[in-house]
There are 2 protein chains.
Amino acid sequence: MNDVIGTILNHRSIRHFEDKPLTEEQIRTIVSCAQAAATSSFIQAYSIIGVKDPVKKKKLAELAGNQEYVEKNGHFFVFCADLYRHTLIGEKEDKNVEASLESTEKFMVALIDTALAAQNAAIAAESLGLGICYIGGIRNNLEEVKGVLHIPDRVIPLFGLAVGYPAKVTGQKPRLPFEHVYHENGYEQNKEVNLHQLDVYNEIIANYYQQRTNGVRKDHWTEQMAAMLEKQTRMYMKEFIQKNKLDLR
Amino acid sequence: MNDVIGTILNHRSIRHFEDKPLTEEQIRTIVSCAQAAATSSFIQAYSIIGVKDPVKKKKLAELAGNQEYVEKNGHFFVFCADLYRHTLIGEKEDKNVEASLESTEKFMVALIDTALAAQNAAIAAESLGLGICYIGGIRNNLEEVKGVLHIPDRVIPLFGLAVGYPAKVTGQKPRLPFEHVYHENGYEQNKEVNLHQLDVYNEIIANYYQQRTNGVRKDHWTEQMAAMLEKQTRMYMKEFIQKNKLDLR
């Protein structure tokens, strides 16, 4: 196993960081790595906002559901899908780009571009001995997040990335078995097979919790997921995205 | 610079591969690395289809706009946003998860989850001396792609990833300068600054083409982007996604 694969397989989310800020050099390296990711037709449809201002970090931590590690970390990045730059390009070049920018296709392109860049940033940070945690919680209230960070239309903060020196390292939860995620030549649509796979994975997850909690927890993955999905969360998103002139047609 | 950052910064898209298939071990390693990526609330909302069947590869290459490297590579992965598994979970656990699964929020979660996993796969492959190319072209005609790969509702093939031993290595195009992508504490909304940045980057890109083509090409980035965005492509996407019971509310 080489160092790259070792770093990738060793990933775990870190939620407790030392009180030690990243250096400017570390921030630049992480952003350069983000930018080295592939980008659809060279569109580069993202921006990254680094938040240092303690007042803004505190506010974002509250907005993300009182997650302390949004405030207390080495650096807090906000990864944004960004088609504002391309709105300006349309004006500058006097071309009608509105229909494209408002399309579901370009919304998807911007989301994918941003996530590819973010994952490079995450791996680069981890390779430097830093820990990371993605913060989807900033999507709880994007209108206010946009206000705090002065973000224009056609720019959607997708998630935060808290980065810093790990103060507490947690375990890794077992992922879905290889055969459940990887299909060859076609998607496995046999429902009996699919349901059996869920049972198998439930056992794996139940064993994991049982061992970690000395038998107290025995959750199944499908229970966890059903309970999570039964609650309707962030249902304002469609309206919000369309108000931001994206995913309209 | 460590090996991980070296690998990340050395990325370039490879479009010519040797006629040498990946081993099963390489495929497993790449998929394991994909699965090690962070996933929103442990939802694991993606599947990966590996295509070996030469007839299917040829068909996918045609559908992606006659891209030869979709057919000729060491292995072809199709990364799919996947909420079908969670549809089954709702049935199994007898919970109403429909509204969640149909939400724009969960559509975004699935796209982000899939892209994070894919970028891990890409970096892992590159660390093994393999080259990669993302194939957005499979989105040209997703209905047919779904047919070829027997893909159910709530599963959207987002992009392909061609992987293999590089037969021809190309250069790296310069990305947007650091200051254009990275904002501190708030988004830089001064339009004069934004437009000046586009001019600066246009010069960088023009110089790059001029040097690579002995002065023949002098394209500006904003020209390229405006010309691309003026064309409305894949405008069927909204209807297609909603027909697949995603991004409906």
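For the residue classes used in this tour, Ala, Val, Leu, Ile, Met, Phe, Trp, Tyr, Cys and Pro count as nonpolar, Asp, Glu, Lys and Arg as charged, and the others, Gly among them, as polar. The model on display is predicted.

**Stop 1: the second largest pocket**

Select T39(A), S40(A), S41(A), F42(A) and R15(B); of the 43 lining residues, these are the closest to the centre of the second largest pocket. The space inside this pocket amounts to about 1,200 Å³. The largest share comes from α7(A), with six residues. Coloured by class, the lining shows 17 nonpolar, 14 polar and twelve charged residues.

**Stop 2: the interface between the chains**

Next, display chain A and chain B in two colours. On the chain A side, 122 residues are in contact with 122 residues of chain B. The two chains bury about 10,800 Å² between them, and carbon and sulfur atoms account for 64% of that area.

Which residue of chain A forms a salt bridge with E184(B)? Select K52(A): its closest N atom and the closest O atom of E184(B) are 3.4 Å apart. In total, 16 salt bridges are counted between chain A and chain B. Polar contacts between the chains involve 64 residue pairs, with both residues at pLDDT 80 or more.

**Stop 3: the largest cavity**

Rolling a probe the size of a water molecule over the atoms shows where empty space is left. Over the whole structure, the search finds two cavities of 30 Å³ or more.

Then show α9 (178–181) and α10 (191–212) of chain A with α5 (84–93) of chain B, each of which supplies at least two lining residues. The lining of this cavity divides into five nonpolar, five polar and four charged residues.

**Stop 4: the second largest cavity**

How much space lies in the second largest cavity? The volume is about 100 Å³. From chain A, select Y84(A), R85(A) and L88(A); from chain B, select L176(B), H180(B), H183(B), Y187(B), N194(B), Q197(B) and L198(B), which complete the lining. Here α5 (84–93) of chain A and α10 of chain B are the elements that give two or more residues. By class, the lining has five nonpolar, four polar and one charged residues.

Methods:
Residues are numbered from 1 along each chain as its sequence is written. Chains are lettered from A and ligands numbered from 1 in the order in which they are written. This is a predicted model: local features need pLDDT of at least 70, side-chain atom pairs count only at pLDDT 80 or more; totals for chains, interfaces and linings use all residues. Side-chain values use heavy atoms; hydrogens and water are left out. On a 1 Å grid over the protein atoms alone, a cavity is a set of points where a 1.4 Å probe fits but cannot get out, and a pocket is an open set with protein on both sides within 12 Å along at least five of seven lines; lining residues have an atom within 4 Å of a point. Grid points are joined across faces, edges and corners, and a volume is the space filled by probe spheres set on the points. Helices (H or I, at least four residues) and strands (E, at least two) are DSSP runs, numbered from the N terminus. Contact means heavy atoms within 4.5 Å. Buried area is the accessible area (1.4 Å probe) that two parts lose on being put together, summed over both. A salt bridge is a side-chain nitrogen of Lys or Arg within 4 Å of a carboxyl oxygen of Asp or Glu. A polar contact is a pair of N or O atoms within 3.5 Å; within protein, one must be able to donate a hydrogen and the other to accept it, and residues adjacent in sequence count only if both atoms are side-chain atoms.
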